[in-house]
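Here's a quick tour for anyone meeting this structure for the first time. Have a look at the sequence and the model, then follow along below.

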Amino acid sequence: MPSHDFRAPRLFVDAPLAQDARVLLDRDQSNYLGNVLRLAAGAEVLAFNGSDGEWQAAIEGRKRPDGLVILQQTRPQDRLPDLAYIFAPLKHARLDYMVQKAIEMGAATLQPVLTRFTQASRVNTERMRANVVEAAEQCGILSIAAVAEPVPLERYLSQRAAGRLLIFCDEAAEVESPIQSLQNAREADQGIDVLIGPEGGFAAEERALLLRQPKILRLALGPRIMRADTAAVAALALVQAVLGDWGGKTG
């Protein structure tokens with residue numbers, strides 16, 4: 001089979017996967033396969049669980065799909081680059097979009113942080129996890145990114161591993177080539193954290209705290225102010241192209 005089969009439906013399952021194993025489907029999965037995709041017993045899908053690779057599977061069930069029988073592996077498990085996306089949450093649809101794009105870009109961890117000007121007072125992490133799974137299903141991704149509970153920015157900074165490179169995307173930074181700045185960052189072997197703030201920007205004391213962090217790279221994303229969800233895509237694309245696995249690195 002080709003390395004990516006974009007025609008076959010893909011389904012994330014929370015169960016071990018191995019040849020001849022049987023997996024029970026939950027109600028939503030059964031409804032999706034039977035009523036949305038109109039698939040019946042014997043039809044084949046691709047199943048993955050984030051740890052055992054991707055497998056070809058056949059639907060089982062008499063009146064409706066209620067299980068899968070695992071047939072053969074189509075792709076071995078890979079791993080995501082050691083890339084964390086740190087962000088001030090947005091509201092509703094724009095947060096959904098930002099989460100989905102971060103997953104498509106290869107983020108392994110999503111960490112919401114609360115700042116003075118954060119727009120959303122409450123963060124639905126279960127909805128974020130659902131968006132992570134949906135993006136992985138649709139885009140052929142084998143690993144499921146971790147979704148952390150939101151914490152205040154100060155607490156996140158006090159708890160993060162000091163050896164990781166913190167890429168601080170700062171609209172107040174002097175505009176220079178972001179590619180050159182990233183190429184000059186040689187110490188990213190212990191992981192990368194990409195930080196995008198709220199659309200109101202960081203407060204002065206927050207920016208000062210950030211600039212005191214070890215192994216920090218202050219990055220300008222060009223001469224125009226971007227919305228936070230746009231900045232997420234731009235920043236992660238730059239980081240992946242220069243320091244991440246777009247160039248063959250696996251992190």
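Predicted model: local features only at pLDDT ≥ 70, side-chain atom pairs only at ≥ 80, totals over all residues.

## Around Arg38 and the end of H1

Arg38 is exposed, with 67% of relative accessible area. You'll find Arg38 in the loop that runs between H1 and strand E3 (44-48). Its phi is near 60°, which is a positive value in a residue other than glycine.

Val36 belongs to helix H1 (residues 27-36). Val36 is exposed too, at a relative accessible area of 51%. Together with Tyr32 and Leu37, Val36 makes a nonpolar surface patch of about 240 Å².

## Getting to know H2

Let's move on to helix H2, which covers residues 92-104 and has 13 residues. From first C-alpha to last, H2 reaches 19 Å, close to the 18 Å expected at 1.5 Å a residue. His92 is found in this helix, and its phi is positive, near 50°, in a residue other than glycine. His92 counts as exposed, with 62% relative accessibility. After H2 comes Gly106, with a positive phi near 105°.

Which residues of H2 are buried? They are Leu95, Asp96, Met98, Val99, Ala102 and Ile103. These residues sit on the same side of H2, because they cover an arc of only 165° around the axis.

## H6 and Leu153

Helix H6 (residues 204-211) also has a buried set: Glu206, Arg207, Leu209 and Leu210. Looking down the axis of H6, you'd see these buried residues within an arc of 160°, so they line one face of the helix. They pack against H4 and against strands E10 (165-169), E11 (192-196) and E12 (216-219).

Leu153 is part of that H4, a helix spanning residues 153-159. Is Leu153 buried or exposed? It counts as buried, because its relative accessibility is 0%, and the cut-off for buried is under 20%. Leaving aside residues up to four places away in sequence, Leu153 touches Val113, Leu114, Thr115, Phe202, Glu206 and Leu210. Gly50, on the other hand, is 29 Å from Leu153, C-alpha to C-alpha, and 103 residues away in sequence.

## Salt bridges

How many salt bridges does the structure hold? The count is 17. One of them joins Glu199 to Arg94, with the closest N and O atoms 2.3 Å apart. This pair links distant parts of the chain, since Glu199 is in the loop between E11 and H6 while Arg94 is in helix H2, 105 residues apart. Glu199 is partly exposed at 35% relative accessible area, and Arg94 is partly exposed at 21%.

Glu104 is partly exposed, with a relative accessible area of 39%, and Lys101 is partly exposed with 24%.

Arg227 pairs up with Asp229 in another salt bridge, where the closest N and O atoms are 3.7 Å apart. Arg227 counts as partly exposed, at 46% relative accessibility, whereas Asp229 counts as buried, at 7%. Finally, there's a network of salt bridges linking Asp82, Arg160, Arg164 and Asp193.

How values were computed:
Residues numbered from 1 in each chain as written. Heavy atoms only, no water. Patch = residues over 30% accessible without salt bridge, like charges linked within 9 Å, V, L, I, M, F, W, Y side chains within 5 Å. Areas by Shrake-Rupley, 256 points an atom, 1.4 Å probe, with all protein chains shown as cover. Salt bridge = Lys/Arg side-chain N within 4 Å of Asp/Glu carboxyl O. Helix = DSSP H or I, 4+ residues; strand = E, 2+ residues; numbered from the N terminus. Buried < 20%, exposed > 50% of the residue type's maximum accessible area, 1.4 Å probe, protein only. Expected span 1.5 Å × (residues − 1). Arc of directions from axis to C-beta. Contact = heavy atoms within 4.5 Å.
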